[in-house]
Amino acid sequence: MIKVLHVLRDLSRNGGVQRLVFDMAMSSESKLDITVLVTNREAGEDYIDELSCNGIVVHIISRWNILAHFRLYRQFDIVHAHLFPALYLVGLFANRKVYTEHNTNNNRRNLPLAFIMEAFIYSRFQSVTCITPEVKNSLCKFLKQEELNNTTVVYNGVDTDAFANRKKKIRGDDACNLAMIGSLTAKKDQETIIEALTHLDKNTVLHLAGNGERKKELMNIAIELEVADRVIFHGLINDIPSFLSDMDIYIQSSKFEGFGLAAVEAMAAGLPTLCADVPGLKELTGSELNLFPQGNSQVLAKKILTINENKNFKDELLSIGIDTCNRFSLQNMNSNFHDVYAGLIK
């Protein structure tokens, strides 16, 4: 069995990458011996305790303790880095190493001549996996290369069984519950969904899961639009399948995504799902039916009304969701990463 160490900043329940690593470590079908290393702890708001209770070893080592990183890396067949600062720590101090590029952009790319240092770091990895072709293309463009020899695409995967096996809750009301999961940050653009409520009847309620610096701002927007009583902030959600089982429609309004993991989870939960027409989301289904122009609350509201009033349209979205989940399963992702790792230790 291949021994793999995943390295990332934290295991916050507020992040999609963190959820992905959690699912990989917890997968019963994995043929890998997985350990996790984080450089920060968010006690009570991360996955560490849950992983530990299930026998997954999690190391917490400061990014500044270079010697401890170096020693731990040497104990594994593969060291797999995610995000910054793991990109640099693993790139500089590990032997056999893999990096997963999760985003089409980041703040480092805005720095003068950043591509020189980044190109050096990326070249030190035996394999750089990108979660979509769009992420790969943006990385190559940033590094001013048409193609990177060590780069391949490995799509993210969702533990579809965890969502499909959760029974839909039986409610006695006539509310239409809209949901979005994600950090309360500018890139997620939850205000578009809040604005859409002004075009929908008062039985339509928005449930937002996640934390972030824009919570107060979003609450004020809801107050100004006179829909504050129809916007519920749930904070971090420990049991996402249970949360989704009480919802009717899922919406991902982001300005951009590396990969719409939360949207695929909603599809796995059997929810008609609408996504903004942006990179990382529009490629998920290969269909225009579930898309709306990013930031356009009126078109979004019309799509929501169509789901509620047109059973055929709703059924089409559900069928699209099933096909999408079959393509982006956790089993497929684990198998693909196993092949990447095995190819490096031959």
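A nonpolar core is a set of buried Ala, Val, Leu, Ile, Met, Phe, Trp, Tyr and Cys residues joined through side-chain atoms within 4.5 Å; buried means under 20% relative accessible area, exposed over 50%, and partly exposed in between (1.4 Å probe, protein chains only). You are looking at a predicted model, where local features need pLDDT of at least 70, side-chain atom pairs count only at pLDDT 80 or more, and totals for chains, interfaces and linings use all residues. Residues are numbered from 1 along each chain as its sequence is written, and side-chain values use heavy atoms, leaving out hydrogens and water.

**Stop one: the core.** Select Leu11, Leu178 and Tyr250, the residues with the most contacts inside the largest nonpolar core, which has 111 residues. Next, colour helix H11 (residues 261-268), which gives the most to this core: seven residues. Helices (H or I, at least four residues) and strands (E, at least two) are DSSP runs, numbered from the N terminus.

**Stop two: the sheet.** Which order do the six strands of the open sheet follow? Trace S10-S9-S8-S11-S12-S13, with parallel pairing; two strands pair if DSSP finds at least two bridges between them. At the edges, S10 (231-235) and S13 (291-292) each pair on one side only. Now zoom in on S9 (residues 204-209), which is joined to S10 by four bridges in the parallel sense. Here leucine 206 stands opposite valine 231 of S10.

**Stop three: helix H4.** Select residues 86-93 to show this helix, and find leucine 92 in it. Is leucine 92 buried or partly exposed? Leucine 92 is partly exposed, at 33% relative accessible area.
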